[in-house]
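Here is a friendly walk through one protein model. Please have a look at the chain and its fold before reading on.

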Amino acid sequence: MVAILMVTLLYGVKTGDLYWSVLILLIYNSKKVDIERVYKTSSRIIAIGIISVLVLCMFGVLPDILTSRNTVEQINYNRHSFGFYHSNVLPLLIFYLEVYYICIVKEKIRDNVIVLFVLLAGATNTFCHSRNALILSLALSLFVVFAKQMKKDEHKILYRTTVLSIPCMSIFSFSMMFLLLKGGIWNTIDTFFSGRFRLAIFKMRRIGLHLINIMSNESFVKDNTTYVDGKDISSIVLDNGYLYVILRYGILIILVYFLIAYCLAKKNKENACVLGALIAVFIANFVDNDLVDYSFLPFILWAFNDVRVDSIIKNVEKKVDEIYKGNIEKI
């Protein structure tokens, strides 16, 4: 374990990104922490953060950044950030609060609380126009209402879906960068997702693909790209979380998230509501990027909170010794 910590720390120093170093330390100590308490603490931090930012925005300390999205129905409309750096942030934070609530109470979900989250999602969408967060919140809320009546056989389907969610979305996201070169329907799909995959192609062409990417954050972020409409892009934002992990940290790192999905699904295979919430989070990271953000941290800690690294190493050494001794006796 010491070797893993040292390697991860050196990686963080080399790339200028200490996220992975801190994460490994938290995972190593998470077996001593009550995961329910982690979710409650995270919920309080997000709630206090939302209130603080809204108050500071109200008094003009933080700017309410207005952006627009070009659509067929309406060419320009204002999307309020309410003091956050983007209009999607507030709706997604409310979505994560709902997910945290489900993970805390599990089968004891109260319908009136779910209705409150639906109302909050609708209210924020009125001003922020974040369709992704609204669709996810509505879908998760409806699912939770009917999940209590699900049969055990249907739990197995949910379990398998949870396990396969991250692998399937990672493979599809990665494939889209190459399928786009063929044009046709793949361009239409990319347009539906606001050109996320085309931007990822520009990033991939500049930095390449790596098993482990040791590039610094400064080098990774800086882009001098001319987009199809002639617009210069100094920094490409990868909204797809899976492509961000693959391009920023390397192909092998996405395997860690495969393991996270498996561990979380295994821990909650009998709880349909939690499995549904996990699937919603994995889908959210297909259209946004929170895999290396604070909001995803509780899920990582939950996945590994009962892992005994030292005991695993000892068991492996014991098995190797038994095999070695067995071979010696045969000789």
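How many residues does helix H9 have, and how far does H9 reach from its first C-alpha to its last? Helix H9 (residues 196–207) has 12 residues and reaches 17 Å, close to the 16 Å expected at 1.5 Å a residue. The expected span is 1.5 Å times one less than the number of residues in the helix.

A few words on the ground rules. This is a predicted model, in which local features need pLDDT of at least 70 and side-chain atom pairs count only at pLDDT 80 or more, while totals for chains, interfaces and linings use all residues. Residues are numbered from 1 along each chain as its sequence is written, and side-chain values use heavy atoms, with hydrogens and water left out.

**The whole protein**

The protein has 15 helices and 4 strands; these are DSSP runs numbered from the N terminus, with helices (H or I) of at least four residues and strands (E) of at least two. Of its 331 residues, 46% are buried, where buried means under 20% relative accessible area, exposed over 50% and partly exposed in between (1.4 Å probe, protein chains only). The accessible surface comes to about 18,300 Å², and carbon and sulfur atoms hold 66% of that; the areas come from the Shrake-Rupley method with a 1.4 Å probe. Among contacts (heavy atoms within 4.5 Å) with a separation of 6 or more, 69% join residues 24 or more positions apart.

**Back to H9**

H9 is mostly covered, with 9 of its 12 residues buried. Among them are Phe197, Leu199, Ile201 and Phe202, and the buried set also includes Arg196 and Lys203. Just after H9, Gly208 takes a positive phi of about 80 degrees.

**H14 and its neighbours**

What surrounds helix H14? The buried residues of H14 pack against helix H2 (19–29), H3, helix H4 (89–105), helix H12 (254–267) and helix H13 (272–287). In H14, 8 of the 8 residues are buried, so H14 is largely enclosed by the rest of the structure.

Helix H3 (residues 35–58) and H14 (residues 297–304) pack at an angle of about 175 degrees, with their axes 10 Å apart. Axes here are lines fitted to C-alpha atoms over the stretch in contact, and angles run from 0 to 180 degrees between N-to-C directions. That makes H3 roughly antiparallel to H14, a label given to angles over 145 degrees. H3 brings Ile35, Val38, Tyr39 and Ser42 to the contact, and H14 brings Pro298, Phe299, Leu301 and Trp302. These residues divide into 7 nonpolar, 1 polar and no charged, with Ala, Val, Leu, Ile, Met, Phe, Trp, Tyr, Cys and Pro counted as nonpolar, Asp, Glu, Lys and Arg as charged, and the others, Gly among them, as polar.

**Ile254 in H12**

Ile254 lies in helix H12 and is buried, with a relative accessible area of 5%. Leaving aside residues up to four places away in sequence, Ile254 touches Ser170, Tyr242, Val245 and Ile246. The C-alpha atoms of Ile254 and Tyr242 are separated by 7.3 Å, and the two residues are 12 residues apart along the chain.

Note on methods. Angles under 35 degrees count as roughly parallel, over 145 as roughly antiparallel, 65 to 115 as roughly perpendicular and the rest as oblique.
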